[in-house]
Amino acid sequence: MSAMIRTSAVLALLLGGAAHAVEPMVPYDNFNPSESNPPRATKVRGIDPARWVDVQTGSRQQAVRELAFTRLRLASRANTGTGRYGLRFIQPSAVTAIEAKVRVNNARSTGCELSQGGISQGAAELSGHFFNAATPSRASAKDDVTASIRVVSRSTDPLGSQDLRVEAHVEQCQDASCTARGSLFTADLGQVHQGEQTRLRVQWDAANDRFVFQRDSQPEVFGAYTVTDTQAPGIASKELVVSHSVPTCARGSPSPLAYVNAYFHDVGVNQSAAPAP
């Protein structure tokens, strides 16, 4: 863990001493049509359109979005640009917390040659636009504040390593598409092996000007911010996605790649965002 990230996490834990007024978590979707939790009035086969909307930005060579037994499978292989692929909550403005079990079965990232310095990244994440720190514009993410907890693969990982990183991020969008972002908080929550399941949670604690992050039963980590949080985001979005960020390499360099194959299940949300039966 770098000194900067370690310092951010320690400061956040120290600032997190006060009790936080956040809602309890409730089930949202376990992706099990036979034994739905929470229960549904009618059986739904496949991804429930009453709870989810497709998300797809950027371009990719391959993509998978499907139910696999009692899990949501998302996979993406990309060799250019940035993008996100997955599902968005149908009523994102009600969602202030997201929890899910996540297992990244396979991930691989290849960047540019070392002399060029371009780094590829692929991730499986729970994320959202929670508020705007300035004056929001409709359909523009500029100055939206996002929070995410993600399992990350980077091209700088040791060659042949099966280890991924679990990370927490609070960022402020710097343009309308939120391609450029400024970091407000970051924390390293440790390693997870490919094929290993981990339970992740991100929750907005607006009363205390911070986000709450948790991995499995580890202590909560608090990401405090100092920007204004009274405006709704320009882009209302809370998501389960696989994402990629791939550099442009010089001619002659090996082709960069970001590949993620991940499973999500037992999704939870804050109590007031519970879905209708």
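Me: How many cavities of 30 Å³ or more does the count come to?
Reply: The count comes to one cavity of 30 Å³ or more. Keep in mind that this is a predicted model.

Me: How much space lies in that largest cavity?
Reply: About 60 Å³ of space lies in the largest cavity.

Me: And which residues line the largest cavity?
Reply: The lining is made of Asp-29, Phe-31, Asn-32, Pro-33, Arg-40, Val-44, Gly-46, Ile-47, Asp-48 and Leu-67. By class, that lining divides into five nonpolar, two polar and three charged residues.

Me: Phe-31 is in that list. Is Phe-31 buried or exposed?
Reply: Phe-31 is buried, and so is Trp-52.

Me: Back up to ring pairs, then. How many aromatic pairs does a search of the whole structure find?
Reply: The search of the whole structure finds 12 aromatic pairs. One of them is Tyr-28 with Trp-52: the ring centres are 5.2 Å apart and the planes stand at 80°, so this pair is edge-to-face. Tyr-28 sits in strand S1 (residues 25-29) and Trp-52 in strand S2, so the pair ties together parts that are 24 residues apart in sequence. Tyr-28 and Trp-52 are both buried.

Me: What about Phe-31 and Trp-52, stacked or edge-to-face?
Reply: Stacked, because the planes of Phe-31 and Trp-52 are at 25°, with ring centres 5.8 Å apart. Phe-31 lies in the loop between S1 and S2, while Trp-52 belongs to strand S2, so this pair ties together parts 21 residues apart in sequence.

Me: Which residues do ring pairs link into a cluster?
Reply: Phe-130, Phe-131, Trp-204, Phe-211 and Tyr-225 are linked into a cluster by ring pairs.

Me: How does the lining of the largest pocket split by class?
Reply: The lining of the largest pocket has 10 nonpolar, 19 polar and 11 charged residues.

Me: Which strands each supply at least two residues of that lining?
Reply: Strands S2 (52-57), S5 (81-89), S7 (121-132), S8 (144-154), S9 (163-173), S10 (181-193) and S14 (237-246) each supply at least two residues of the lining of the largest pocket.

Me: And how much space lies in the second largest pocket?
Reply: The second largest pocket holds about 450 Å³ of space. Of its 24 lining residues, Ser-109, Arg-154, Ser-155, Thr-156 and Asp-157 are the closest to the centre. Strand S6 (97-110), S8 and S9 are the elements that give two or more residues to this lining.

Me: Which element gives the most to the lining of the second largest pocket?
Reply: S6 gives the most, with four residues. The lining of the second largest pocket divides into seven nonpolar, 12 polar and five charged residues.

Me: Moving to Ser-153. Where is it placed?
Reply: Ser-153 is in strand S8. Its relative accessibility is 4%, so Ser-153 counts as buried.

Me: What does the side chain of Ser-153 make a polar contact with?
Reply: The side chain of Ser-109, at 3.0 Å. Leaving out residues up to four places away in sequence, Ser-153 touches Ala-107, Arg-108, Ser-109, Ser-120, Gln-121, Gly-122 and Leu-164. Ser-153 and Arg-108 are 45 residues apart in sequence, and their C-alpha atoms are 6.4 Å apart in space.

Me: And Asn-270, buried or exposed?
Reply: Asn-270 counts as buried because its relative accessibility is 0%. The place of Asn-270 is in strand S15 (residues 257-270).

Me: What lies 3.0 Å from a polar atom of the Asn-270 side chain?
Reply: That is the backbone oxygen of Ala-94. A polar contact of 3.1 Å also joins the side chains of Asn-270 and Ser-272. Not counting residues up to four places away in sequence, Asn-270 touches Glu-23, Pro-24, Met-25, Val-26, Ala-94, Val-95, Thr-96 and Ala-97.

Key:
Residues are numbered from 1 along each chain as its sequence is written. This is a predicted model: local features need pLDDT of at least 70, side-chain atom pairs count only at pLDDT 80 or more; totals for chains, interfaces and linings use all residues. Side-chain values use heavy atoms; hydrogens and water are left out. Ala, Val, Leu, Ile, Met, Phe, Trp, Tyr, Cys and Pro count as nonpolar, Asp, Glu, Lys and Arg as charged, and the others, Gly among them, as polar. On a 1 Å grid over the protein atoms alone, a cavity is a set of points where a 1.4 Å probe fits but cannot get out, and a pocket is an open set with protein on both sides within 12 Å along at least five of seven lines; lining residues have an atom within 4 Å of a point. Grid points are joined across faces, edges and corners, and a volume is the space filled by probe spheres set on the points. Buried means under 20% relative accessible area, exposed over 50%, partly exposed in between (1.4 Å probe, protein chains only). A polar contact is a pair of N or O atoms within 3.5 Å; within protein, one must be able to donate a hydrogen and the other to accept it, and residues adjacent in sequence count only if both atoms are side-chain atoms. Contact means heavy atoms within 4.5 Å. Rings of Phe, Tyr and Trp (its six-membered ring) pair if their centres lie within 6.5 Å; planes under 30 degrees apart count as stacked, over 60 as edge-to-face and the rest as tilted.
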